[in-house]
Amino acid sequence: MNDSSRSAPQGAGHRVAPEMQGAAAGPAYDVRDAQQTRPMPIVPDVPDAGRDAEDRDHRNQGAGRLSGGPLFRDQKPQEPMPTAPPPPPQKKRAGRDLGAAIGVGLGLGALVVVSLFVVKAVFVGVIVVAVVVGLWELTSRLQERKGIRAPLIPLAIGGAAMVVAGYARGAEGAWIAMALTALAVLVWRMAQPPEDYLRDVTAGIFAAFYVPFLATFVALLLTADDGPQRVLTFLLLTVVSDTGAYAVGWRFGKHKLAPRISPGKTREGLFGAVTFAMVAGALCMQFLVDGGSWWQGLLLGLAVAASATLGDLGESMIKRDLGIKDMGTLLPGHGGIMDRLDSLLPTAPVVWLLMVLFVGSG
């Protein structure tokens, strides 16, 4: 039997070509030949142009649904919603009613100037009224926010007596009136239950020193021969210092001065207060005060800027402890009387002392 008569095995993995099945004379299919044949190359499918276009239509319709486009071919595309323009940057604004503040400030200034240069005693009366109203605001806020009952009646009577005694009898009279006022507070509070006695009388003595005693130095300035000019210099320097601090701080302020006490105050504002006050001090001492010199005014302006800033921070500390913004609402655009006296009160003894050192008590 020759090789051509052998039949190919029919096991698994061996395939016989169909055209060879049933051929008796043809050669058998050999697996070894199949293993030696090369595989056919893989030809990529040619995309169907019609199907591809249809797929693109479906994708476009899906994108249209997501982006607000038409769902159907005969549907008009929706116009995109107009976007609102970004809001313009807001300008810095003052925290108070600027118009009311200017009006009230001009009114108070006119009252002070008229009373100061007409009759000195009238200006003393203005000081007394400011002291009594300031004491009323302070004691009212202490009782409302902390439950502290500082007696107002002895404080008001003693405060008025301090200012009048300072004008009539000088510094000695002011000290005597201060001591008698403190004694009156101690006695007056004894009419109430003893609970919190020490707390109430301590607050009362503090109020007597803080408001009327410091205000007495304004009356001491008035006793000099050129007293109205000295008082006007004191008022101008304090107002100019506050104005310079506000203007420069509002425009250029970036670095906080005391953020835990008064977040609105900046180092740039302090620089503005010092600059404005020194310039105003040089002019006032040179042209208003008898015997004054411009260099004395520079030192006076520097001291006023420091004391006014510290006084403002001191009252801000009190208001933060009480949890209030203003001491009162009597002056529109300003708050209360105490909100205007905060920088004036600690500045009065500083100006009085420097005036005595520079040009005498006069």
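Reply: Start with Val 218, which has its place in helix H6. Helices here are DSSP runs of H or I with at least four residues, strands are runs of E with at least two, and both are numbered from the N terminus. This is a predicted model, in which local features need pLDDT of at least 70 and side-chain atom pairs count only at pLDDT 80 or more, while totals for chains, interfaces and linings use all residues. Residues are numbered from 1 along each chain as its sequence is written, and side-chain values use heavy atoms, with hydrogens and water left out.

Is Val 218 buried or exposed? Its relative accessibility is 10%, so Val 218 counts as buried. The cut-offs are these: buried is under 20% relative accessible area, exposed is over 50%, and partly exposed is in between, with a 1.4 Å probe and protein chains only.

Now look at the neighbours. Leaving out residues up to four places away in sequence, Val 218 touches Phe 123, Ile 127, Val 231, Phe 234 and Ala 348. A contact means heavy atoms within 4.5 Å. Take Phe 234 from that list. Val 218 and Phe 234 are 16 residues apart along the chain, and their C-alpha atoms are separated by 8.5 Å.

That pair leads to two helices. Two packed helices are described by the angle between their axes and the distance between the axes. Helix H6 covers residues 197-222 and helix H7 covers residues 227-252. Their axes come within 7 Å and cross at roughly 140°. The axes are lines fitted to C-alpha atoms, for helices over the stretch in contact, and the angles run from 0 to 180 degrees between N-to-C directions. H6 and H7 are therefore oblique to each other. Under 35 degrees would be roughly parallel, over 145 roughly antiparallel, and 65 to 115 roughly perpendicular; the rest is oblique.

Which residues make the contact? H6 brings Val 218, Leu 221 and Leu 222. H7 brings Gly 227, Pro 228, Arg 230, Val 231 and Phe 234. By class, this contact has six nonpolar, one polar and one charged residues. Nonpolar covers Ala, Val, Leu, Ile, Met, Phe, Trp, Tyr, Cys and Pro; charged covers Asp, Glu, Lys and Arg; the others, Gly among them, are polar.

Go to the other end of H6. Leu 198 is found in this helix too. At 64% relative accessibility, Leu 198 counts as exposed. Leu 198 and Leu 186 are 12 residues apart in sequence, and 9.1 Å apart in space, C-alpha to C-alpha. Asp 196 lies in the loop between helix H5 (152-188) and H6. Asp 196 is partly exposed, with a relative accessible area of 43%. Most residues other than glycine have a negative phi. Asp 196 is not a glycine, yet its phi is positive, about 60°.

Next comes helix H9, residues 294-322. Glu 315 lies in H9. Glu 315 is buried, with a relative accessible area of 0%. Beyond four places in sequence, Glu 315 touches Tyr 210, Met 327, Met 338, Asp 339 and Asp 342. Ser 316 also lies in H9. Ser 316 is buried at 11% relative accessible area. With residues up to four places away not counted, Ser 316 touches Ile 261 and Ser 262.

The strands come next. S1 (residues 256-258) and S2 (residues 262-266) run antiparallel and are joined by two bridges. Two strands pair if DSSP finds at least two bridges between them. Lys 256 has Thr 266 of S2 as its bridge partner. S1 and S2 form a hairpin, with three residues between them.

Step back to the whole chain. The protein chain has 11 helices and two strands. Buried residues make up 38% of its 362 residues. Among contacts with a separation of 6 or more, 68% join residues 24 or more positions apart.

The chain's mean pLDDT is 81, and 72% of its residues reach 70 or more. Over residues 1-40, pLDDT stays under 50, and the model has 11 contacts there beyond four places in sequence. Over residues 43-54, pLDDT also stays under 50, with zero such contacts. Where pLDDT is low, the predicted coordinates should not be read in detail.

Conventions. pLDDT is the predictor's confidence in each residue, from 0 to 100.
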